[in-house]
Amino acid sequence: MSSIAKGTQQNIRPVRKKGFWRTLGGQWQLMLMSVPMLLYVLLFNYGPMWGWITAFQDYKPKTGLLGSKFVGLQNFQWLFGREDFINSIRNTLAMSVINLVFGTVSSILLAVLLNEVRNRGFKRTVQTVTYLPHFLSMVIVVGMAQNIFASNGAINNLLMSVGLVKSPVFFLGEGKYFWWLVGVINVWKEVGWNTIIYISAMTAIDPCLYEAASIDGAGRFNRILHVTLPGIKSTFVILLIMNIGHLMEAGFEIQYLLGSSVVMDWSQTIDIFVLKYGISKQQYGVATAAGMFKSVVAIVLLIGANYVSKRLGEDTLI
Amino acid sequence: MRKLLSAILVLAMILSLVPMALADEEPITLTVFRGDPGDQPADDNKIYKLIEERFGVRFEFEFLAGDLDEKLGMMIAGEDYPDLFDGGNSADLIINNGALINLLDYINPEDTPRLWAHIEPQKARLIEKNEDGEDVLYIIPNYGLTDGDQIVNEVNGPAFFVQKQVLAWAGYPQIHTLNEYFDLLQNFLAANPTNEDGTPYIGFDILCEDWRHFCLINPVQHLMGRPNDGEVLVDVNSPDFHTETFIDKPYAKAYYKKLNEAFHNGLISKDTFVMNYDQYIAQLSSGIVLGMFDQAWDFGNATAALKDAKMDKNTYVALGLVYDPEYVDGREIEEHYVNGSLPNVRRGFGISVNCQCPERIIAMWEEMMSDEWQLIFNWGIEGEDYYVEDGRLLMTEEQYAQRNDSTWKIHNRALAFFESSPKKQGWILEGEYAGNCWDPANQPEIVLGLMNEYDKEFLAAYGYSKFADFVNPPIELAPYGEAWQIDYTPVDVEHQDFLDIQDKMLPELIMCDPADFDALWDEFVEKITPSATAFGEYMWQAVQAEAAKVLGE
């Protein structure tokens with residue numbers, strides 16, 4: 001035993017003592033392979049960051065990046081002085097959280113249920129049927145939703161016929177429904193797709209654990225609770241951290257398509273705000289400032305979630 | 001072998017240089033952007049074939065999909081401009097960002113006599129001064145430079161519309177005021193809640209989507225007896241053209257109170273506030289919408305669909321409504337919906353700074369302003385699309401009907417190009433066809449001769465000869481033109497706030513409990529006053545400047 005350990009140590013030690021450049025030289029093939037990726041990231045992710053300078057400028061396309069006037073933090077002051085920008089931050093976060101909670105809960109639930117189904121044909125059919133909407137364009141999905149939720153649409157007809165409401169509910173035109181509508185539509189569209197990753201995590205669970213649990217007298221419910229769910233915990237945490245990094249992106253298409261002027265206070269997200277003022281109204285500086293704010297918050301959230309996860313003794317992403 | 005190869009290469013290189021020397025004769029493809037949605041022409045389109053044969057020019061069209069300002073903003077940010085650039089209703093954006101060339105560098109009485117003669121009568125309105133004080137013209141208007149007396153057979157602009165069957169049911173009454181209009185709709189709906197198929201009628205539609213929200217926010221100025229000044233009301237009788245936003249004024253309150261009443265009487269559906277343009281057109285096309293405020297060109301597709309389906313009684317008549325005296329301190333308001341002709345300033349094709357061959361486009365337009373080409377664009381090919389009898393240009397019923405057929409159009413008309421190009425309108429003044437109209441839709445024999453039986457009987461019941469008789473004859477505009485054409489980009493952000501508050505709160509006002517209306521209206525006025533003041537003051541100055549330009553002060 002000890003001689004093997006010694007031998008291994010000897011093998012490792014010289015490598016460790018090599019300098020940076022020698023290590024680099026020793027792995028030049030690997031380095032070469034990573035060059036395209038590095039270039040890609042530098043060119044398309046770091047390169048455009050130069051454009052963040054417009055956040056501090058009164059940018060005009062005519063005068064360009066170098067010729068536009070610097071205005072300090074004026075763009076940020078303007079942004080945070082606007083009620084509709086504050087509203088869009090609120091809407092973005094609210095819809096993100098709703099999407100995250102609804103999306104995660106529904107897909108884990110469906111994954112667990114599918115995992116328990118023993119009939120392969122039925123399981124596959126359900127899986128296919130639930131993930132197909134993922135491939136539909138949001139334009140179509142929203143078009144369908146507009147019909148279903150209209151005053152004379154299917155939902156209102158149903159509610160009226162069973163006597164739950166007396167007059168049609170104005171789902172599409174009242175702000176208070178908007179966030180939840182977005183949540184429901186997103187679940188309908190994405191539940192099957194999001195399930196795939198959890199189901200694959202479940203297939204990686206050692207069947208012996210289920211057997212052992214059965215022998216210990218665990219019923220189906222207890223097996224789910226004590227084997228399946230702990231088994232996908234690490235997947236769940238990684239996905240959660242990634243999703244928290246995307247918390248400032250509540251989606252764009254669905255709010256853009258489903259929203260209308262009457263629900264604007266509740267439907268406008270940061271992305272739509274940026275489009276409206278930045279692109280349509282030529283306030284490029286303001287738009288960049290808003291985008292920059294969004295990125296900074298996203299980085300803080302990501303690192304924060306990672307830190308919390310680490311402190312709780314869970315897997316981390318970075 | 002190698003020598004042969006190099007010889008071929010050298011030859012190929014020389015040959016490839018030759019066309020550059022003869023660039024003017026070489027066929028070119030022009031990229032074209034249209035600031036509105038449209039149909040791609042078919043590859044075998046006969047008019048584009050003629051253009052290609054004669055001028056060696058092909059077109060690659062891009063039509064608007066989605067929001068215009070967003071699209072233009074993207075193009076400006078990337079300086080990614082087509083050769084021929086129609087910025088639609090937001091051409092101010094591309095002009096202010098320096099995307100278009102000054103056409104006056106190419107257009108003058110010597111080199112381009114036809115184009116010059118075309119713009120000359122209206123040059124006070126068309127030619128502007130740039131920052132350096134030079135004369136500039138960026139866009140030759142696509143419409144509104146007409147020859148001869150103005151032709152108005154039907155209203156093509158804003159009006160309150162009502163289905164013909166509603167007037168027929170009521171015994172062909174005269175409807176001139178807001179109250180008369182809503183009483184009429186109310187009575188019809190009470191007597192006929194559904195159509196023959198059992199589908200419920202909708203009393204009054206209000207389209208609120210995006211820039212088409214003019215259906216929601218513009219009516220007040222018309223009820224006050226003014227033409228379309230966009231979002232302001234101009235007092236043309238005051239020496240300094242007093243200009244104010246109207247939406248925050250007491251006289252506007254009366255209209256929205258009326259709509260609130262109509263809403264609670266079941267004339268207006270909630271869904272109208274969240275529907276998009278396609279849904280609106282679908283609703284109108286199905287014939288269940290009894291009335292709405294809109295501009296006739298905005299729902300042309302619905303009208304065509306109704307005619308196609310032989311639902312003539314469901315097509316619309318334009319009414320020129322004004323406020324009843326009770327709403328405006330007992331004043332009698334004179335209706336003014338139809339204008340004297342006015343060039344469509346800053347609308348149509350401009351040539352972008354990226355275009356490699358502006359002189360060639362100008363030369364082509366110059367040639368296209370000839371009678372021969374204007375007839376081809378307007379009427380088509382003689383013998384195929386129209387015929388001539390005793391010097392009159394005529395169409396058979398079939399020939400005229402196919403002009404409404406969208407499939408036929410993409411094969412046989414060059415609309416995508418022609419609609420935004422300079423064109424002759426009105427009467428043909430000279431030549432062998434003098435006395436005919438440039439547009440077949442204006443030609444008396446066609447308008448009256450090919451009118452369907454329902455329309456003929458309908459007009460006869462009123463004793464009118466044309467549908468434009470429902471409104472006052474054209475009234476000459478004040479020197480500033482129409483204020484909706486004025487560039488407001490300097491107050492763009494204030495204007496956006498101004499519109500946002502209206503888009504959000506006017507539907508609330510229409511739907512709210514009548515008991516809360518007054519309080520909500522006060523809140524609306526309070527919220528909108530800052531942006532309304534900023535926008536209104538800017539517009540007042542702009543109206544004065546525009547008037548001064550035309551009056552030559």
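This is a predicted model: local features need pLDDT of at least 70, side-chain atom pairs count only at pLDDT 80 or more; totals for chains, interfaces and linings use all residues.
K310(B) is exposed, with 10 other C-beta atoms within 10 Å; the cut-off for exposed is 12 or fewer. The residue sits in the loop that runs between helix 13 (300–308) and strand 12 (316–319) of chain B. Although K310(B) is not a glycine, its phi is positive, at about 60°.

**Single residues in chain A**

- Q282(A) also has a positive phi without being a glycine, here of about 65°.
- The loop between helix 16 (270–280) and helix 17 (284–311) of chain A holds Q282(A).
- Q282(A) counts as buried because it has 24 C-beta neighbours inside 10 Å, where the cut-off for buried is 20 or more.
- T130(A) is part of helix 7 of chain A, which spans residues 120–131.
- T130(A) has 21 C-beta neighbours inside 10 Å and therefore counts as buried.
- Leaving out residues up to four places away in sequence, T130(A) touches L110(A), V191(A), G192(A) and T195(A).
- E253(A) is 123 residues from T130(A) along the chain, and the C-alpha atoms of the two are separated by 21 Å.

**Domains of chain A**

- Chain A is assigned two domains: domain 1 (2–70) and domain 2 (74–311).
- The C-alpha centres of domain 1 and domain 2 of chain A are 33 Å apart.
- In the contact between them, domain 1 of chain A supplies seven residues and domain 2 of chain A supplies six residues.
- On the side of domain 1 of chain A that touches domain 2 of chain A, three residues are nonpolar, three are polar and one is charged.

**Domains of chain B**

- Each domain of chain B is made of two segments: 25–147 + 343–446 for domain 1, and 158–337 + 453–551 for domain 2.
- Taken over C-alpha atoms, the centres of domain 1 and domain 2 of chain B are separated by 30 Å.
- Domain 1 of chain B gives 10 residues to the contact, and domain 2 of chain B gives 10 residues.
- On the side of domain 1 of chain B that touches domain 2 of chain B, helix 4 (91–96) and helix 6 (123–126) of chain B are the elements that give two or more residues.
- Helix 4 of chain B has the largest share of that side, with three residues.
- The residues on that side of domain 1 of chain B are three nonpolar, three polar and four charged.

**A four-stranded sheet in chain B**

- Four strands of chain B form an open sheet in the order 2-1-3-13, with mixed pairing.
- Strand 2 (57–63) and strand 13 (349–351) of chain B are the edge strands, and each pairs on one side only.
- From one strand to the next, the twist averages 25°.
- Strand 1 (residues 28–34) and strand 2 of chain B run parallel and are joined by seven bridges.
- I28(B) has V57(B), in strand 2 of chain B, as its bridge partner.
- In general, the strands of a sheet pair through backbone hydrogen bonds, either parallel or antiparallel.

**Helix 11 against helix 21 in chain B**

- Helix 11 (residues 250–264) and helix 21 of chain B pack with their axes 7 Å apart and at an angle of about 50°.
- Helix 11 and helix 21 of chain B are therefore oblique to each other.
- From helix 11 of chain B, Y256(B), L259(B), N260(B) and F263(B) meet L506(B), L509(B), I510(B) and M511(B) of helix 21 of chain B.
- This contact between helix 11 and helix 21 of chain B has seven nonpolar residues, one polar residue and no charged residues.

**Contact between chains A and B**

- The contact between the chains draws 24 residues from chain B and 18 residues from chain A.
- Helix 3 (68–78) and helix 21 (492–511) of chain B are the elements that give two or more residues to the side of chain B that touches chain A.
- Helix 21 of chain B gives the most to that side, with seven residues.
- The side of chain B that touches chain A has nine nonpolar, five polar and 10 charged residues.

Terms used:
Residues are numbered from 1 along each chain as its sequence is written. Chains are lettered from A and ligands numbered from 1 in the order in which they are written. Two residues are in contact if their C-beta atoms, placed from the backbone, lie within 7 Å. Ala, Val, Leu, Ile, Met, Phe, Trp, Tyr, Cys and Pro count as nonpolar, Asp, Glu, Lys and Arg as charged, and the others, Gly among them, as polar. Two strands pair if DSSP finds at least two bridges between them. Axes are lines fitted to C-alpha atoms, for helices over the stretch in contact, and angles run from 0 to 180 degrees between N-to-C directions. Domain bounds come from an automatic or database domain assignment. Angles under 35 degrees count as roughly parallel, over 145 as roughly antiparallel, 65 to 115 as roughly perpendicular and the rest as oblique.
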